[in-house]
Amino acid sequence: DLIFSFFATILALPFFVIIDVAIKIDSRGPVFFIQERFGKGGKKFRILKFRSMYVDGDQKLNDYLEKHEELKKEWEQFKKLKSFDPRVTRVGKFLRRFSIDELPQVFNILLGSMSIVGPRPYLPREKEEIEQSAAIIFRVKSGLTGLWQIKGRNELSFETRLKLDEFYVRNWSFMMDITIILKTFGAVLKGRGAY
């Protein structure tokens, strides 16, 4: 984790500058998005991402769901909107498509709050929904990538993500991590399930 994050940070720095400028030109607000997530032991940590949403994104989402009640079920099942998400900026769509918004998480890995591979870093608001799986998932650090990312990402239901994360923790092996890392490159390039 340390070796990967150190070299990844050095290699990514020139791209960080370009992305910073693009985000600032596209919409008002900070370049980075910082959010609390659950990590190892159920302890909260602050995850770092490139901002891909408008600063008033939550309000935009609530207004949109009120006008399009048929999409509420999709939101409840996947915690994502596949066709159109009013929170996401133009640059944000591109960043998300190729998971570029996740790049700053190399700093989380460098600081020891995340690992390269692991379960999805879940949100505090998802606490009740992950309650049955938390004891297993929280045994390890959250990952920059994991089984759910290579199996379909946001095309999977929230329940399926939890099952994949449980499977990963219960069946962990070094070779599984290597396989997930290698398959992540293909998943990112295809952009499957990236919303």
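Leaving aside its neighbours within four places in sequence, which residues is Met53 in contact with?

**View 1. Met53 and its surroundings.** Met53 touches Arg87, Val88, Thr89 and Arg96, once neighbours within four places in sequence are set aside; a contact here means heavy atoms within 4.5 Å. This is a predicted model, where local features need pLDDT of at least 70 and side-chain atom pairs count only at pLDDT 80 or more, while totals for chains, interfaces and linings use all residues. Residues are numbered from 1 along each chain as its sequence is written, and side-chain values use heavy atoms, with hydrogens and water left out. Met53 sits in the loop between S2 and helix H2 (57-67). Helices (H or I, at least four residues) and strands (E, at least two) are DSSP runs, numbered from the N terminus. Met53 counts as buried because its relative accessibility is 19%; buried means under 20% relative accessible area, exposed over 50%, and partly exposed in between (1.4 Å probe, protein chains only). Ile19 is 34 residues from Met53 along the chain, and their C-alpha atoms are separated by 14 Å.

**View 2. Helix H1 against helix H4.** Here's where Ile19 turns up again, this time in a helix pair. Two packed helices are described by the angle between their axes and the distance between the axes. For H1 (residues 2-26) and H4 (residues 90-97), the axes come within 8 Å and cross at roughly 145°. Those axes are lines fitted to C-alpha atoms, for helices over the stretch in contact, and angles run from 0 to 180 degrees between N-to-C directions. H1 brings Ile19, Ala22, Ile23 and Asp26 to the contact, and H4 brings Arg90, Val91 and Leu95. Sorted by type, the contact residues are 5 nonpolar, no polar and 2 charged. In that count, Ala, Val, Leu, Ile, Met, Phe, Trp, Tyr, Cys and Pro are nonpolar, Asp, Glu, Lys and Arg are charged, and the others, Gly among them, are polar.

**View 3. The largest nonpolar core.** How many residues does the largest nonpolar core have? There are 16, and Met114, Val117, Leu147, Leu164, Tyr168 and Ile180 have the most contacts inside it. A nonpolar core is a set of buried Ala, Val, Leu, Ile, Met, Phe, Trp, Tyr and Cys residues joined through side-chain atoms within 4.5 Å. Strands S2 (44-50) and S3 (114-117) each give two or more residues to this core, as do helices H7 (147-150), H8 (158-170) and H9 (174-190). Zoom in on Tyr168 and you'll find it touching Val117, Gly118, Pro119, Leu147, Met176, Asp177 and Ile180, not counting residues up to four places away in sequence. A second, separate core has 9 residues, including Ala12, Val31, Phe50 and Val91.

**View 4. Helices H8 and H9.** H8 has 13 residues and spans 19 Å from its first C-alpha to its last, close to the 18 Å expected at 1.5 Å a residue. H9 has 17 residues and reaches 25 Å, close to its expected 24 Å; the expected span is 1.5 Å times one less than the number of residues. The buried residues of H8 are Phe158, Arg161, Leu162, Leu164, Asp165, Glu166, Tyr168 and Val169, and they pack against helix H3 (72-78), S3, helix H6 (131-137), H7 and H9. In H9, the buried set is Met176, Asp177, Ile180, Thr184 and Ala187. These H9 residues pack against S3, strand S4 (142-145), H7 and H8.

**View 5. Salt bridges.** The whole structure has 7 salt bridges, each one a side-chain nitrogen of Lys or Arg within 4 Å of a carboxyl oxygen of Asp or Glu. Arg87, a contact of Met53, pairs with Asp85 at 2.6 Å, N to O. Arg87 is buried, with a relative accessible area of 5%, and Asp85 is buried too, at 8%. Glu166 is buried at 17%, whereas Arg170 is exposed at 54%. Elsewhere, salt bridges with shared partners join Lys49, Asp101 and Glu102 into one network.
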